[in-house]
Structure formats: C-alpha cells, structure tokens
Amino acid sequence: MSRVRVDEDIRPLSEFRAGVATFVKQIHETRRPMVLTQRGRGVAVLIDVQEYEKMQERLELLEEIYKAEEQIASGKGMSHEDAKSRILGTLQK
C-alpha cells in the first residue's frame, strides 16, 4: 500500500460526503488510503478492497510468525534439520 500524501489524501468528512464517487475512484486508482477528518481530527481511513485484503494476508502471516517465535522461545520448536526430515519423509510417502 502506498503512503498517504498529505496534500491529496487527507480530506474533511463534509467534502467526502459531497463527492463520494470521486473519492472512491481516487482510492481505487491510486491504491493509497484516504484519511477523513472531522473538526480537524482524523476519524476514519478508507482503503481499496484489494489493498485491504493484502494487508489482512500480511497480518495473518505476521501472527503466524509471532506464534512460531513464542513456541521456539518456550522450547516447543524443533530444529531445521528435524523439520526438514519430517517434511521430506511425509512427501516421500
């Protein structure tokens, strides 16, 4: 996902309401998120559906890595060689 461009991607909620279709088109074309503000404060972030799905996939992967690191730290992991042997053994069956 591209970074927010402050001059283009931060808009007041009232401006968004007046031109929803235009803003949705911009988000889809640029793949950049849009920050909506109300009374000068950020209240919502809009992102393209495909970018959201990519973000969810990355988050799931990071959660799996975190779980694996916790397992290794608590002694529940296995060495690379043991894991490799198990996988190769399973594939050969």
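Two strands count as paired if DSSP finds at least two bridges between them. Helices (H or I, at least four residues) and strands (E, at least two) are themselves DSSP runs, numbered from the N terminus. With that in hand, let's look around.

What you have here is a predicted model, where local features need pLDDT of at least 70, side-chain atom pairs count only at pLDDT 80 or more, and totals for chains, interfaces and linings use all residues. Residues are numbered from 1 along each chain as its sequence is written, and side-chain values use heavy atoms, leaving out hydrogens and water.

**The sheet**

Start with the hairpin: E2 and E3 form it with 2 residues between them, and Arg-39 in the turn has a positive phi of about 55°. These two strands run antiparallel and are joined by 5 bridges. On E2's other pairing, strand E1 (residues 10–12) goes parallel with E2 over 3 bridges. Put together, that's an open sheet of 3 strands in the order E1-E2-E3, with mixed pairing. E1 and E3 are the edge strands, each pairing on one side only.

Here are some residues and who they face:

| Residue | Opposite residue | Strand of the opposite residue |
|---|---|---|
| Leu-36 | Ala-44 | E3 |

**The core**

How many of E2's residues are buried (under 20% relative accessible area, with a 1.4 Å probe and protein chains only)? The count is 4 of 5, so E2 is mostly covered. The largest nonpolar core has 6 residues: Leu-13, Phe-16, Phe-23, Ile-27, Met-34 and Leu-36. Helix H2 (13–18), helix H3 (20–30) and strand E2 (34–38) each give two or more residues to this core. A nonpolar core here is a set of buried Ala, Val, Leu, Ile, Met, Phe, Trp, Tyr and Cys residues joined through side-chain atoms within 4.5 Å. In soluble globular proteins, nonpolar side chains tend to be buried together.

Leu-36 has contacts (heavy atoms within 4.5 Å) beyond its neighbours within four places in sequence, including Leu-13, Phe-16 and Val-43.

**A look at Asp-48**

Where is Asp-48 found? Asp-48 is in the loop between strand E3 (41–46) and helix H4 (49–73). Asp-48 is buried, with a relative accessible area of 8%. Its side chain makes a polar contact with the side chain of His-28 at 3.0 Å; such a contact is a pair of N or O atoms within 3.5 Å, and within protein one must be able to donate a hydrogen and the other to accept it, while residues adjacent in sequence count only if both atoms are side-chain atoms. Leaving aside neighbours within four places in sequence, Asp-48 is in contact with Ile-27, His-28 and Arg-31.

Note on methods. Buried means under 20% relative accessible area, exposed over 50%, partly exposed in between (1.4 Å probe, protein chains only).
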